[in-house]
Amino acid sequence: MTPFDRPPVGMNLARTSKVVAQAFDAAMAEAGGTLPVWLTLLSVKSKELANQRELAGMIGIQGATLTHHLNAMEMQGLLTRRRDPENRRVHQVALTEAGEALFEKLRLAAVAFDKRLRAGIPDDRLAEFAETLAMLRANAEVPQS
């Protein structure tokens, strides 16, 4: 058996990741949201009031990109931003009632998607898979010599 009798792990992982991401995006769209909106709502919800810098870090995007998302979400009435009284350069972000409602709708869609994704896979295999993903991530982060 040669190394190319089956797809290299990285290529297989990339293909699978793309298919899963597209399916998750579709689930979010069907529930009335997008991945960036879901990640923003989830991040704000997990921290009662988060400042924009912390929020960008939690979501894994640049500040300018986050500002674009927050502007749109604020115009849609999903969240509010206010200056931190302790530091006027920092904005604190909170969900509105509409943001809470959309969060709940997207949360239910995310839970249903996760259930769909896990269907037929025993818990011990999922735990082993999570460990394997962690090892692949660690191996990918190791600098090349």
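## Where H1 packs

The buried residues of H1 pack against helix H2 (35-46) and H5. Buried means under 20% relative accessible area, and exposed means over 50% (1.4 Å probe, protein chains only). Helices are DSSP runs of H or I, at least four residues, numbered from the N terminus.

This is a predicted model: local features need pLDDT of at least 70, side-chain atom pairs count only at pLDDT 80 or more, and totals for chains, interfaces and linings use all residues. Residues are numbered from 1 along each chain as its sequence is written, and side-chain values use heavy atoms, with hydrogens and water left out.

Ala23, Phe24, Ala27 and Met28 are the buried residues of H1. They lie on the same side of H1, because they cover an arc of only 140° around the axis. The arc is taken from the directions from the helix axis to the C-beta atoms.

The face turned away from the buried side carries the exposed residues Arg15, Lys18, Val19 and Ala29. After H1 comes Gly32, with a positive phi near 95°.

## H1 against H5

Helix H1 (residues 9-30) and helix H5 (residues 97-118) pack at about 145°, and their axes are 9 Å apart. Axes are lines fitted to C-alpha atoms over the stretch in contact, and angles run from 0 to 180 degrees between N-to-C directions.

H1 contributes Val20, Ala23, Phe24, Ala27 and Met28 to the contact; H5 contributes Leu106, Ala109, Ala110, Phe113, Arg116 and Leu117. Contact means heavy atoms within 4.5 Å.

Terms used: Helices (H or I, at least four residues) and strands (E, at least two) are DSSP runs, numbered from the N terminus.
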